[in-house]
Amino acid sequence: MYFLSFETSTKIFSLSLSQDEKVLRFRNLKSTLVLEDSILPAIDKMLDAAGIKFKQIDGFAIALGPGSFTSLRVGLSTIKAFAMSTGKPVVGIPTMDIIAAGVKNEECDEICVLMDARRGKVYACFYGPQGRRSDYLLTTLDDVLQRAQGKTLFVGDGLGLYRDKIDRKFLFADEKWWYPQSKVMAALAYERFAQKQYDDAAKLLPLYLYPQDCQVSK
């Protein structure tokens, strides 16, 4: 099967085209805000380069966040439109799962994905050898450090702000792994496709950890 995966929750718009387990093409584009007029041309260009027609795409995968509110909504709306208009399956993958899957370090006991949530807070999640071992958290850096156990490898754009405040006994991933990449996401998505663990496109929602994100204040 051919499927498209894209990630719009951070300042790096990441897009990939896969055939089953093989990633055929991928692009990472830096942008302050991912909008529809940047997504669609990138998809067209990638399909043309691969010699694949849009009608040949068998499924879609989208990162669910947390992350940029506007970019997440644009990415998810695009995927929902694709899936609902074509009747093809869609899967949603949490952004922190993608980041954790992209970094490997045999010296650590656990991985902590740390993302900037602004307002003095962070998004965080802990992963062990068997997978995710915590909820997706919206919390403080101090709370995250209290939860860390053993040799913890920190990864994510939160390191850009808080690395100097984290004890040097912990490990730090290289900056190239801080952001979610669609080629990593594609492997997670293919597992879901292979098991037919699809999401309902009409009900698929971004992973919001700030409840006020959807509220309008007078």
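Reply: The model is a predicted one. The charged end of arginine 119 sits over the ring of tyrosine 210, 4.3 Å from its centre.

Me: What makes the charged end of arginine 119 count as sitting over that ring?

Reply: The CZ of Arg must be within 6 Å of the ring centre and within 35 degrees of the ring normal. For arginine 119 the distance to the centre of the tyrosine 210 ring is 4.3 Å. Arginine 132 has its charged end over the ring of tyrosine 136, also 4.3 Å from the centre.

Me: How many aromatic pairs are there by the rule for rings?

Reply: The count is ten aromatic pairs.

Me: Why is the pair of phenylalanine 3 and phenylalanine 193 called tilted?

Reply: Stacked requires planes under 30 degrees apart and edge-to-face over 60. The planes of phenylalanine 3 and phenylalanine 193 stand at 55 degrees, with the centres 5.1 Å apart, so the pair is tilted. Phenylalanine 3 lies in strand E1 and phenylalanine 193 in helix H6, so the pair ties together parts 190 residues apart in sequence.

Me: Why are phenylalanine 3 and phenylalanine 193 called buried?

Reply: Buried means under 20% relative accessible area. Phenylalanine 3 has 0% and is therefore buried; phenylalanine 193 has 4% and is therefore buried.

Me: What makes helix H3 largely enclosed by the rest of the structure?

Reply: Seven of the eight residues of H3 (residues 95-102) are buried, so the helix is largely enclosed. Among them are Met96, Ile98 and Ile99.

Key: Residues are numbered from 1 along each chain as its sequence is written. This is a predicted model: local features need pLDDT of at least 70, side-chain atom pairs count only at pLDDT 80 or more; totals for chains, interfaces and linings use all residues. Side-chain values use heavy atoms; hydrogens and water are left out. Buried means under 20% relative accessible area, exposed over 50%, partly exposed in between (1.4 Å probe, protein chains only). Helices (H or I, at least four residues) and strands (E, at least two) are DSSP runs, numbered from the N terminus. Rings of Phe, Tyr and Trp (its six-membered ring) pair if their centres lie within 6.5 Å; planes under 30 degrees apart count as stacked, over 60 as edge-to-face and the rest as tilted.
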